[in-house]
Amino acid sequence: MSQPLDAYWMPFTANRQFKKSPRILAKASGMHFWTDDGRQILDTIAGLWCVNAGHARPKIVQAIAEQAAQLDYAPPFQMAHPKAFALAERVAALTPAELNKVFFTNSGSESVDTALKIALAYHRVRGEGHRTRLIGRERGYHGVNFGGISVGGMVANRKMFGAMLAGVDHIRHTHDPARNSYTVGQPEHGAEFADDLERLCALHDPSTIAAVIVEPVAGSTGVLIPPKGYLNRLREICDRHGILLIFDEVITGFGRTGQPFAAQTFGVTPDMILMAKGLTNGCVPMGAVAVRQSIHDAFMTGPEHLIEFFHGYTYSSHPLACAAGLATLETYADEGLLTRAQQLQGYFAEALHSLRGLPNVIDIRNIGLVGGVELAPLPGEPAKRAFNVFLDCYDKGVLIRTTGDTLAFSPPLIIERAQIDQLIDTVRGAIGRAA
Ligand code: PLP
């Protein structure tokens, strides 16, 4: 790579390591990237858990190009364009039936903050403004804005940034390797971790709590699958105390667990589902929050000429994003991608769990088309062993992702069995070499 690399401060990247040995992607199609020197790389993480239909899908590419030529931008405040309504209808048709109002954002982080603000404002408009407390979960990842890092539970994402939002607390995480290691699908043990919410209710009084936010499957802290009955129990406790339940489905949305949303896979309906990534197949930044009708309706009071909810972004419902979103959802529907993980999950799980017994593999977790393989850290050097495996796989033509010492896989939903084999064979070799 001959161009200067100095000016670009890369996000969530080991900048000095990267710039010594850059990994530059120049092209993508279907299941693959190509590097700037022409090497083909199998994408086993759907870009960053977003390219669920695979790369450069013609319908989506064409929709974006046509939209840019026809209506490049339309102000979303007091104005709109047809595709914003059309996409909201399409999204509402995929979410659980009660969640039928859709607010657009530009990212997962913005969707998180939007959902938290809706929760606080909802309680206030209905005379419960004393519900100001927000509850997240240890090991949660909810993006990087101040709301998201406050309710999130990843130490490295929080410790540098001061006091964050006031009035936030956390329930404990559900990771319990002593009882649940090497579980295929949902772990048997741990529904009772949800009772930790009762502890916080007793501590703060439930009348002070506005909402609880969790990822149905935690991705960024190492693929943590909810124990059987856990999400149901969280729902029951929230109902008992008038607390809103928010699912962050930024990675689980759009087919990752075998249904359009994990809420459907696990049979638990929250009060809001927030999403991003797969909404536009990663092509144009976009997020959204799907909200229960009753929450939306609580805002629809007062004089009709006045704004009901003081929130929104210059690029909310951007025409290019809406065009990409509509073409994406059509592609998913045309190819049955939102349920395809059901057909592949058995094969994927078996392949993944065949890595059990390799040196330093200490746990394997999976659901739908998401999998995690946890490695024992190198003594005194956390995250390095997994990073070495990542570099080795990339060298051998396979892009994986790591979080701490966990290898994470979340391939495009178009992946074929032979590509699952290629992934597992490559990872097997790399784990061996990292021993
Ligand atoms: N929430 C979850 C569960 C995520 O996994 C992510 C990103 O990976 C986000 C929120 C933040 O999304 P974004 O990076 O689009 O802001």
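Before anything else, a cut-off I need for later: a residue is buried if 20 or more other C-beta atoms lie within 10 Å of its own, exposed if 12 or fewer, and partly exposed in between. I also remind myself that this is a predicted model.

**Entry 1**

With 18 C-beta neighbours inside 10 Å, Ala383 counts as partly exposed. I found Ala383 in the loop between E12 and helix H15 (384–395).

Asp205 was next on my list, another non-glycine residue with a positive phi, here near 75 degrees. Is Asp205 buried or exposed? I counted 12 other C-beta atoms within 10 Å, so Asp205 is exposed. I placed Asp205 in the loop that runs between helix H9 (196–204) and strand E7 (209–214).

**Entry 1: the hairpin and its sheet**

I then went to strand E1 (residues 25–29) and strand E2 (residues 32–35), which pair in the antiparallel sense over four bridges. I noted two of the partners: Leu25 bridges to Thr35 in E2, and Lys27 bridges to Trp34 in E2. E1 and E2 make a hairpin with two residues between them. Gly30 sits in that turn and has a positive phi of about 60 degrees.

**Entry 2: two domains**

I looked up how the chain is divided: domain 1 is 15–57 + 337–433, and domain 2 is 61–335. Their centres, taken over C-alpha atoms, are separated by 26 Å. The contact takes 35 residues from domain 1 and 31 residues from domain 2.

On the domain 1 side of that contact, I listed the elements that each supply at least two residues: helix H2 (46–49), helix H14 (340–353), strand E11 (361–367), strand E12 (370–375) and strand E15 (406–409). H14 gives the most to this side, with six residues. By class, I have 15 nonpolar, 14 polar and six charged residues on the side of domain 1 that touches domain 2.

**Entry 3: the core**

I turned to the largest nonpolar core, which has 120 residues. Which members touch the most others? My note says Ala211, Val212, Leu234, Ile246 and Met272. Helix H13 (residues 319–335) gives the most to this core, with nine residues. The core draws at least three residues from each of domain 1 and domain 2.

I took Val212 for a closer look. Leaving out residues up to four places away in sequence, I see Val212 touching Ile135, Leu197, Leu234, Cys238, Ile243, Leu245 and Ile246.

**Entry 4: around the ligand**

Last stop, the ligand. How many residues surround the ligand? I have 14, and the closest are Ser107, Gly108, Ser109, Gly143 and Val250. Helix H5 (residues 108–125) gives the most to this shell, with three residues. Sorted by class, I get five nonpolar, seven polar and two charged residues in the shell.

Terms used:
Residues are numbered from 1 along each chain as its sequence is written. This is a predicted model: local features need pLDDT of at least 70, side-chain atom pairs count only at pLDDT 80 or more; totals for chains, interfaces and linings use all residues. A residue is near a molecule or strand if its C-beta atom, placed from the backbone, lies within 6 Å of it. Ala, Val, Leu, Ile, Met, Phe, Trp, Tyr, Cys and Pro count as nonpolar, Asp, Glu, Lys and Arg as charged, and the others, Gly among them, as polar. A nonpolar core is a set of buried Ala, Val, Leu, Ile, Met, Phe, Trp, Tyr and Cys residues joined through C-beta atoms within 7 Å. Domain bounds come from an automatic or database domain assignment. Two residues are in contact if their C-beta atoms, placed from the backbone, lie within 7 Å. Two strands pair if DSSP finds at least two bridges between them.
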